[in-house]
Amino acid sequence: MPTTVLIVEDEPEFMHRFSQAVASDPELALVGGASTARQAMTLLETLRPDVLLLDLGLPDACGVEVIRHAARRQCTCDVLVVTMFDDDQHVLESIEAGAAGYLLKDSVPGSIVSSIRELRAGGSPISPGIARRILERFRLTLAPPRPATALKPPGSPLTERETELLRLTAKGLSFDTISQLLAISPHTVVAHVRKIYRKLAVHSRGEAVYEATQLGLL
């Protein structure tokens, strides 16, 4: 049986290009095309394709919502995102929602068919620049903690974890991001922040960073 493919793309040029490529391969079967997120969600449930070839920049909603819809409806298709969006938010949201591949339109291989085959073989076709940024993000997340002597200056009223958290706060990271980097819950981050404020006798993030800098804690 050929691999069935549903294409979701609102730009006629790319829809034609991808459709022609899929239709020309005997191992693939183009079962439908959609230009909006709503159409895509309907076709996903009725056609149940093996592969969803998806653009994120749809006129009525972000394509990530289509991926999430597929997951909620238990549509077990392999999702290959092909888009112009190269920012971290779209990339990470797509992968977290269930995308197995992420290609940028300006770097799509000569034949999209090869990427679909790689996807069906268990691979994850990802544009090189996107793959590098994902790896760098994982390196940051998995980076080993610095030695205790570097984390907590002598005489500091803060614990090692509080000092580490304050340093991340000084870099402008959000509490949600800090919780992910330190592998703790957002509630725990907030609890640490309150302790830091109390120990430094401050009432805001900016005051905490300023006071800690003046005391030589950062």
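On a 1 Å grid over the protein atoms alone, a cavity is a set of points where a 1.4 Å probe fits but cannot get out, and its lining residues have an atom within 4 Å of a point. The structure described here is a predicted model, in which local features need pLDDT of at least 70 and side-chain atom pairs count only at pLDDT 80 or more, while totals for chains, interfaces and linings use all residues. Residues are numbered from 1 along each chain as its sequence is written, and side-chain values use heavy atoms, with hydrogens and water left out.

One cavity of 30 Å³ or more is found in the structure. The space in the largest cavity amounts to about 40 Å³, a volume being the space filled by probe spheres set on grid points that are joined across faces, edges and corners. Its lining consists of Leu165, Leu166, Thr169, Val193, Ile196, Tyr197, Arg205 and Ala208, and the elements contributing two or more residues to this lining are α8 (160–170), α10 (186–200) and α11 (205–214). Here helices (H or I, at least four residues) and strands (E, at least two) are DSSP runs, numbered from the N terminus. By residue class, the lining comprises six nonpolar residues, one polar and one charged, where Ala, Val, Leu, Ile, Met, Phe, Trp, Tyr, Cys and Pro count as nonpolar, Asp, Glu, Lys and Arg as charged, and the others, Gly among them, as polar.

An open sheet is formed by five strands in the order β2-β1-β3-β4-β5, with parallel pairing; two strands pair if DSSP finds at least two bridges between them. β2 and β5 (101–104) are the edge strands, each pairing on one side only. Within this sheet, strand β1 (residues 3–8) pairs with strand β2 (residues 28–34) in the parallel sense over six bridges; Ile7 has Gly33 of β2 as its bridge partner, and Val5 stands opposite Leu30 in β2. Helix α2 (residues 37–47) packs on the sheet and touches β1, β2 and β3 (51–54), contact meaning heavy atoms within 4.5 Å.

Note on methods
On a 1 Å grid over the protein atoms alone, a cavity is a set of points where a 1.4 Å probe fits but cannot get out, and a pocket is an open set with protein on both sides within 12 Å along at least five of seven lines; lining residues have an atom within 4 Å of a point. Axes are lines fitted to C-alpha atoms, for helices over the stretch in contact, and angles run from 0 to 180 degrees between N-to-C directions.
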